[in-house]
Amino acid sequence: MLSIKREDIEIVLEHARDENPREACGILAGNDGVVEKVYRMKNKDLSSVTYLMDSMEQFAVMKEMKEKGLDLVGIYHSHTSSVAYPSATDIERAFYPEASYLIVSLSNKEPQIRSFRIKDGKVEEEEMRIL
Amino acid sequence: MGVKVRIPTPLQRLTEGKEEVEASPGTIIELIGDLEKRFPGIGERISESGKIRRFVNIYLNEQDIRFLNNEETLVKDGDEVSIIPAIAGGDNRNV
């Protein structure tokens, strides 16, 4: 289960809208499945169909998280024209089985947001608790 | 003294659950060969035909080796190498 504050959901949605039509991506930092801080990250691919975090920015954020005692609770990204469900690319490039994968879809008028675990190529949706 | 190598969670099942292992100094690709000898299977998860995989980031101290000398980057005694998977994905219908 992923627990996240409404204002953090707003940050993620705003990021997705800001980047549209490119995909937005970021890190959800916290402890025990509870998000404490959202990091908006650059999408190095600058693409509407893929995302890749900048390696140096990723390293710097992970270092800061370690110093603050925060774990990688989740990874978020947006789908600009498809549903909020992991694509084949998402599954192939999911290297963090311990993290939640939060996907925002902007394909409809109302954004859709769902959370998943991706482990050994298998996708499982998980409950989201809005705090 | 050796080189400290940080192993990411998904690869720790190959290092008997160890988050950090020691390796010998040399180039990055030699260091991966050294790890492969002790932890069979780890080499192909990190590299393919002598090249680091696209979605694996390797840092020497705090620098991405892509900005240094890639696989030929020299690692010295006392250095710290971090292997960290990239964070990537996307809606692939058109890729």
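How many helices and strands does chain B have? Chain B has two helices and 10 strands. Both kinds of element are DSSP runs, numbered from the N terminus: helices are H or I with at least four residues, and strands are E with at least two. The model is predicted, so local features need pLDDT of at least 70 and side-chain atom pairs count only at pLDDT 80 or more, while totals for chains, interfaces and linings use all residues. Residues are numbered from 1 along each chain as its sequence is written, chains are lettered from A and ligands numbered from 1 in the order in which they are written, and side-chain values use heavy atoms, with hydrogens and water left out.

Along the sequence, chain B reads β-β-β-α-α-β-β-β-β-β-β-β. The radius of gyration of chain B is 13 Å, close to the 12 Å that the globule rule gives for 95 residues, so chain B is as compact as a globular protein of that length. This radius is taken over C-alpha atoms, and the globule rule is 2.2 Å times the number of residues to the power 0.38. The C-alpha trace of chain B spans about 50 × 30 × 25 Å along its principal axes.

Chain B holds an open sheet of five strands, in the order β2-β1-β9-β6-β7 and with mixed pairing. Its edge strands are β2 (20-23) and β7 of chain B, each pairing on one side only. Two strands pair if DSSP finds at least two bridges between them. Strands β6(B) and β7(B) run antiparallel and are joined by two bridges. Here B:L60 stands opposite B:Q63 in β7(B). In a regular strand, side chains alternate between the two faces of the sheet.

Chain A contains three helices and nine strands. Its pattern along the sequence is β-α-β-β-β-α-β-α-β-β-β-β. A compact globule of 131 residues would have a radius of gyration near 14 Å, and the 13 Å of chain A agrees with this. Along the principal axes, the C-alpha trace of chain A spans about 35 × 30 × 30 Å.

Strands β2 (residues 25-31) and β3 (residues 34-41) of chain A pair in the antiparallel sense over seven bridges. The bridge partner of A:G26 in β3(A) is A:R40. A:D32 lies in the loop between β2 and β3 of chain A. Its phi is near 45°, a positive value in a residue other than glycine. A:P21 sits in the loop between α1 and β2 of chain A. Most residues other than glycine have a negative phi, and most peptide bonds are trans.

A:R40 also takes part in a salt bridge with A:D18, joined through their side chains (3.0 Å, N to O). This pair links distant parts of the chain: A:D18 is in helix α1 (residues 6-19) and A:R40 in strand β3 of chain A, 22 residues apart. A salt bridge is a side-chain nitrogen of Lys or Arg within 4 Å of a carboxyl oxygen of Asp or Glu. Over all chains, the count comes to 15 salt bridges. Side chains of opposite charge can pair when their charged atoms come close.

The two chains also meet each other. The contact (heavy atoms within 4.5 Å) takes 26 residues from chain B and 29 residues from chain A. Together the chains bury about 2,500 Å², 56% of it on carbon and sulfur atoms. Buried area is the accessible area (1.4 Å probe) that two parts lose on being put together, summed over both. In chain B, the residues that lose the most area to chain A are B:E62, B:I87 and B:D91, together 28% of what that side buries.

Two salt bridges are counted between chain B and chain A. One of them joins the side chains of A:D120 and B:R13 (3.5 Å, N to O). On the side of chain B that touches chain A, the elements giving two or more residues are β6 (56-60), β7 (63-64), β9 (80-85) and β10 (88-89) of chain B. Strand β9(B) gives the most, with three residues. Strand β4 (residues 51-52) of chain A runs antiparallel to β10(B), and two bridges join them. In this pairing, the partner of A:Y51 is B:G89 in β10(B).
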